[in-house]
Amino acid sequence: MPTSLKDTFRDALSVSLTVGVYGVAFGAASVAAGFSVLQSCLFSLLTFTGASQFAAVGVVASGGAGASAIAAATMLGTRNALYGIQMAPLLQVRGFRRVMAAQITIDESTGVALSQAPRGSEAMRAGFWLTGAGVFLFWNIFTLLGAVGAKALGNPASWGLDAAVPAAFLGLLWPRLETMFLRLVGAASMVFALLVTPWLPAGLPIIATVAVAVVVGWRPR
Amino acid sequence: MSPSMMWIVLIGTSALSFSVKMLGHSVPERWLANSRLQRINALIPISLLSALVVAQGLVVKTHVVIDHRLAGLAAALAVLFAKAPFPVVVVVAAVTSALVYHLH
């Protein structure tokens, strides 16, 4: 590898490992929600976008309908479309390579690619592919470990797994609350979800909070 | 949820997640350049993740319930303020919740 790409490789590896380890939490959450070890691993291989995976198993765990689980997961993944729009002109790939690029278009691969901009577009492309492939590898390995581990533990509440899942959502939410405005949107969404909980079937309050995002984002502020 | 429905959730989530990613790589840039769409899209993860925190931490079926999970969430919040990394947050929440669950 050219020396100029060594720094890119180091960035990609550190992000891949750090993020991949979170797969343990997903594997455990998925098994706690009632999915098998095989199904948990298939989520990480096929869905491969962390927050959406947590949302799908989270809605199932809270007794929600299948359609609610799929809808919540899909809406959480819509940002990946915007990443794809940014990455496509950079990658310039067709056919099977484009399918692979799409599957690994997530927060981390896009983030590292964009962060390499000062090093040139070759480094940006390397950052995208290395990070995407790296997260894919580690995320799937650690999902398997988490799923097998949770299966061995048994009762989720006894080991605190039922609190680990909302804590994982809180951990995913935290870095996004960059401004006071975004913190208020988060707080309003929590209050809204709790208020509608007694009135809607399980799982639907989660989807319903998208209304908060639509209302707040409708007009420029 | 029935076993077949769980497979439907897995396959449906995977198919739609991939479609959304592929859409981004396939459409002309201007299609999703609408500023209203972008503003709402930026807020959706915050709304959904916030709802998931309370739905998972404070709800059983269709009731708001305060139990051991809230202790875990409070501990998670405390270490997040202390800038703890994600795995620490999850483990601290689990340990705290399990302790309260067994003491109760």
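This is a predicted model: local features need pLDDT of at least 70, side-chain atom pairs count only at pLDDT 80 or more; totals for chains, interfaces and linings use all residues.

User: Start with the fold. How many helices and strands does chain B have?

Analyst: Chain B has four helices and two strands. Along the sequence the pattern is α-α-β-β-α-α.

User: How spread out is chain B, judged by its radius of gyration?

Analyst: Compare the radius with the globule rule. For chain B the radius of gyration is 19 Å, while the rule gives 13 Å for 104 residues, so chain B is more spread out than a compact globule. The C-alpha atoms fill a box of roughly 55 × 40 × 25 Å along the principal axes. Buried residues make up 45% of the chain. Among contacts between residues at least 6 apart in sequence, 32% join residues at least 24 apart.

User: Now the interface. How many residues of chain B are in contact with chain A?

Analyst: On the chain B side, 62 residues are in contact with 81 residues of chain A. At least two residues each come from α1, α2 (35-57), β2 (63-64), α3 (68-81) and α4 (86-103) of chain B. The most come from α2(B), with 19 residues.

User: What classes of residue make up that side of chain B?

Analyst: The side of chain B that touches chain A holds 40 nonpolar, 16 polar and six charged residues.

User: How do I describe a single helix pair across the interface?

Analyst: Two packed helices are described by the angle and the distance between their axes. Take α5 (residues 66-76) of chain A and α1 (residues 3-26) of chain B. Their axes come within 9 Å and cross at roughly 25 degrees. An angle under 35 degrees counts as roughly parallel, and α5(A) and α1(B) are therefore roughly parallel to each other. Their crossing is right-handed.

User: Which residues make the contact between α5(A) and α1(B)?

Analyst: From α5(A), they are A:G66, A:A69, A:I70, A:A73 and A:T74. From α1(B), they are B:M5, B:I8, B:V9, B:G12, B:T13, B:L16, B:S17 and B:V20. By class, this contact has eight nonpolar, five polar and no charged residues. For the spacing, remember the helix repeat. An α-helix has 3.6 residues a turn, so residues three or four places apart point the same way.

User: Where are A:F48 and B:K83?

Analyst: A:F48 sits in the loop between α3 (37-47) and α4 (50-61) of chain A. B:K83 sits in the loop between α3 and α4 of chain B.

User: Is A:F48 buried or exposed, and what about B:K83?

Analyst: Count C-beta neighbours. A residue is buried at 20 or more other C-beta atoms within 10 Å, and exposed at 12 or fewer. A:F48 has 25, so A:F48 is buried. B:K83 has 8, so B:K83 is exposed.

User: Which residues of α8 in chain A are buried?

Analyst: In α8(A) (residues 107-115), A:E108, A:S109, A:T110, A:V112 and A:A113 are buried. They pack against α1 (6-21), α6 (79-91) and α9 (121-153) of chain A.

Technical notes. Residues are numbered from 1 along each chain as its sequence is written. Chains are lettered from A and ligands numbered from 1 in the order in which they are written. Axes are lines fitted to C-alpha atoms, for helices over the stretch in contact, and angles run from 0 to 180 degrees between N-to-C directions. Angles under 35 degrees count as roughly parallel, over 145 as roughly antiparallel, 65 to 115 as roughly perpendicular and the rest as oblique. A crossing is left-handed if the near helix is turned anticlockwise from the far one by less than a right angle, and right-handed if clockwise. Two residues are in contact if their C-beta atoms, placed from the backbone, lie within 7 Å. Ala, Val, Leu, Ile, Met, Phe, Trp, Tyr, Cys and Pro count as nonpolar, Asp, Glu, Lys and Arg as charged, and the others, Gly among them, as polar. The radius of gyration is taken over C-alpha atoms; the globule rule is 2.2 Å times the number of residues to the power 0.38.
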